[in-house]
Amino acid sequence: MTRSFLQPDDVRDLVAEQFGTGRRLTALDRLTGGSKKGVYRLRLDDGTTVILYVWTIDENYWPPSPVVPDDPFTDASGVELFALNHSALAAAGVRIPRLLLLDRDSRYLDADVALVEDVGAVKLEALMEDDPAAAAAPLSALGDALRRMHTTFGPEYGKLVAVARGEASRTRRAEDVIVDRALGHLDAVANRDARLGEAYDRIAGHVHRLRSAVTSRERYGLVHGELGPDHVLVTPAGEPVVIDFEGLTYFDVEWEHAWLQMRFGDAYPALRPVDLDPHRLELYRYAQVLSLIEGPLRIADTDFPDRQWMLDLAEWNIAKALAVA
């Protein structure tokens, strides 16, 4: 498809109303890395910068995903999720960009938008690689924030908007949703890669064996859903700021920690995690491996600009899936 992105003239009315006619937009920078929403840095003539989030079809590269009933991690995008999740994280004492404007009525653009504080461009990921000593304090503070999240409990698992509406699932256990999700991902890729097709029964059997070791539990904390060091910005004062939180969900905290272990690697112990169920953690870790095959292969079929990176990610996880099963 031919995609249309924002141009400076598109946001001049927004700038004039929000910052006054005496201040002028000097640059509009579309930031890379987003795949579900557009992220733009607005630069004003007095040196001020702010971040604009835009939710449109043109900014979303993801085609529809395999549907699993009750899966709270499907289609986690949109201004409604952003708004509710922003409030929930603030209430839990998690540092997030300050919200300046939320527009769901197309006052400025033919899109839902949010204007937020610009906390800078330094990612925790880069700090961990370039200056591990400087990353130590933000990692510790992030661990504190995560423990506040993971001990903020909800009555059911599900997206916060579904829980608030009384639409969250009350019929199936969370681990069974993840099993169906994992097998759905396997079904979606088995015909694409001969190695996965040949190992289908072994992989599915491994998923079921992992599930059989998980005992019943109903305690659901706030989880980000895909929190890596690339989803944490570090302010000049050293504060870790969590971003890209539309997937915030009440769920088993082991889902979060399976992801955190993978993404933070050797630095993971610095987060000082809450107590975890090792069997649940192992099931969720393997389910995420399958997810990181199916998702990258699916988006690689689109016009996503970094297609090879997605193919390499899928290949890395294919090797992990085959090594275990």
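Helices are DSSP runs of H or I with at least four residues, and strands are E runs of at least two, both numbered from the N terminus. The model is predicted: local features need pLDDT of at least 70, side-chain atom pairs count only at pLDDT 80 or more, and totals for chains, interfaces and linings use all residues. Residues are numbered from 1 along each chain as its sequence is written, and side-chain values use heavy atoms, without hydrogens or water.

The chain has 11 helices and 11 strands. Its C-alpha trace spans about 65 × 45 × 40 Å along the principal axes. Of the 325 residues, 51% count as buried (under 20% relative accessible area, 1.4 Å probe, protein chains only). Contact means heavy atoms within 4.5 Å. Among contacts between residues at least 6 apart in sequence, 70% join residues at least 24 apart.

Helix H6 (residues 174-190) packs with helix H8 (residues 200-212). The angle is about 170 degrees, and the axes lie 10 Å apart. Axes are lines fitted to C-alpha atoms over the stretch in contact, and angles run from 0 to 180 degrees between N-to-C directions. H6 and H8 are therefore roughly antiparallel (angles over 145 degrees).

From H6, Glu175, Asp176, Val179, Leu183, Leu186, Asp187 and Ala190 take part in the contact. Their partners in H8 are Tyr200, Ile203, Ala204, Val207, His208 and Arg211. By class, this contact has eight nonpolar, one polar and four charged residues. Ala, Val, Leu, Ile, Met, Phe, Trp, Tyr, Cys and Pro count as nonpolar, Asp, Glu, Lys and Arg as charged, and the others, Gly among them, as polar.

Notes: Parallel < 35°, antiparallel > 145°, perpendicular 65-115°, else oblique. Buried < 20%, exposed > 50% of the residue type's maximum accessible area, 1.4 Å probe, protein only.
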